[in-house]
Amino acid sequence: MHFKKLALITATAAAMILTTSCAYRADLAQGNFVEQENIDKLRYGMSDEQVRFVLGTPMLVDPFDNTRWYYVHYLREGWSDPQIKNLIVLFNGRTLVDIAGDFKKPAAFNENSTIVNKVDLSDI
């Protein structure tokens with residue numbers, strides 16, 4: 001009788017451990033995490049160094065055509081479907097000319113990126 005009770009408790013504990021350990025799946029994040037806030041800082045005519053400063057190092061740059069940079073972010077939380085976001089940054093030489101992908105292009109993207117501060121000399 002004691003043996004049957006011990007066997008039942010052991011079987012129940014083993015079943016609980018096996019079923020609960022299979023329910024958890026760790027989150028997986030890979031690639032470049034890019035936020036719309038950073039993309040809003042991009043302007044037509046920026047240098048490649050300025051773009052790298054704002055967005056970080058791209059996930060992929062074609063070694064034969066470095067005018068396209070790819071920022072890819074993959075996120076899978078638990079058992080949910082993965083979320084994949086892409087940003088493609090296009091250059092003409094070393095000058096930013098366009099962006100494409102899953103993010104909204106900033107409204108001010110095509111504005112002149114050079115900001116000139118005016119100095120009022122009458123105050124001096």
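**Helix α3 and its surroundings**

Modeller: Let us begin with α3, where D48, V51, V54 and L55 are buried. Seen down the helix axis, the buried residues of α3 fall within an arc of 125°, so they line one face of the helix. Please bear in mind that this is a predicted model.

Colleague: Which residues of α3 are exposed on the other side?

Modeller: On that side, E49 and F53 are exposed.

Colleague: What do the buried residues of α3 pack against?

Modeller: They pack against α2, which spans 36-39, and against the strands β3, β4 and β5.

Colleague: And which residue follows α3?

Modeller: G56 follows the helix, and its phi is positive, near 90°.

Colleague: Let us turn to the core. Which residues of the largest nonpolar core touch the most other members?

Modeller: That core has 16 residues, and L42, V51, L55, L87, V89 and L96 are the ones that touch the most other members. At least two residues of this core come from each of α3 (48-55), β3 (65-76), β4 (83-92) and β5 (95-101).

Colleague: What is L87 in contact with, leaving aside its neighbours within four places in sequence?

Modeller: With those neighbours set aside, L87 is in contact with V34, I39, L55, W69, Y70, Y71, I99, A100 and F103.

Colleague: Now the charges. How many salt bridges does a search of the whole structure find?

Modeller: The search finds three. In one of them, R94 pairs with D48, and the closest N and O atoms are 3.1 Å apart. This pair links distant parts of the chain, with R94 in the loop between β4 and β5 and D48 in helix α3, 46 residues apart.

Colleague: Which residue forms a salt bridge with E49?

Modeller: E49 also pairs with R94, and there the closest N and O atoms are 3.4 Å apart. Because E49 lies in helix α3 and R94 in the loop between β4 and β5, this pair ties together parts that are 45 residues apart in sequence.

Colleague: Where is R76, and how far away is the nearest side chain of opposite charge?

Modeller: R76 is in strand β3. It is buried yet has no salt bridge, and the nearest side chain of opposite charge, D27, is 6.6 Å away.

Colleague: Which backbone oxygen lies 3.1 Å from a polar atom of the R76 side chain?

Modeller: It is the backbone oxygen of A26. Leaving aside neighbours within four places in sequence, R76 is in contact with R25, A26, D27, L28 and P82.

Colleague: A change of topic: where is Y24?

Modeller: Y24 is in the loop between α1 (2-21) and β1 (28-31). At 65% relative accessibility, Y24 counts as exposed. Y24 and W79 are 55 residues apart in sequence, and their C-alpha atoms are 8.2 Å apart in space.

Colleague: And what about L60?

Modeller: L60 is in strand β2, residues 60-62, and is partly exposed, with a relative accessible area of 46%. Leaving aside its neighbours within four places in sequence, L60 is in contact with R68, W69 and Y70. The C-alpha atoms of L60 and Y71 are separated by 6.9 Å, and these residues are 11 apart along the chain.

Colleague: Finally, how many helices and strands does the chain have?

Modeller: It has three helices and five strands, which follow the pattern α-β-α-α-β-β-β-β along the sequence. Of the 124 residues in the chain, 21% are buried. Among contacts between residues at least 6 apart in sequence, 47% join residues at least 24 apart.

Methods: Residues are numbered from 1 along each chain as its sequence is written. This is a predicted model: local features need pLDDT of at least 70, side-chain atom pairs count only at pLDDT 80 or more; totals for chains, interfaces and linings use all residues. Side-chain values use heavy atoms; hydrogens and water are left out. A nonpolar core is a set of buried Ala, Val, Leu, Ile, Met, Phe, Trp, Tyr and Cys residues joined through side-chain atoms within 4.5 Å. Buried means under 20% relative accessible area, exposed over 50%, partly exposed in between (1.4 Å probe, protein chains only). Helices (H or I, at least four residues) and strands (E, at least two) are DSSP runs, numbered from the N terminus. Contact means heavy atoms within 4.5 Å. Lys and Arg count as positive and Asp and Glu as negative; His and the chain ends are not counted. A salt bridge is a side-chain nitrogen of Lys or Arg within 4 Å of a carboxyl oxygen of Asp or Glu. A polar contact is a pair of N or O atoms within 3.5 Å; within protein, one must be able to donate a hydrogen and the other to accept it, and residues adjacent in sequence count only if both atoms are side-chain atoms. The arc is that of the directions from the helix axis to the C-beta atoms.
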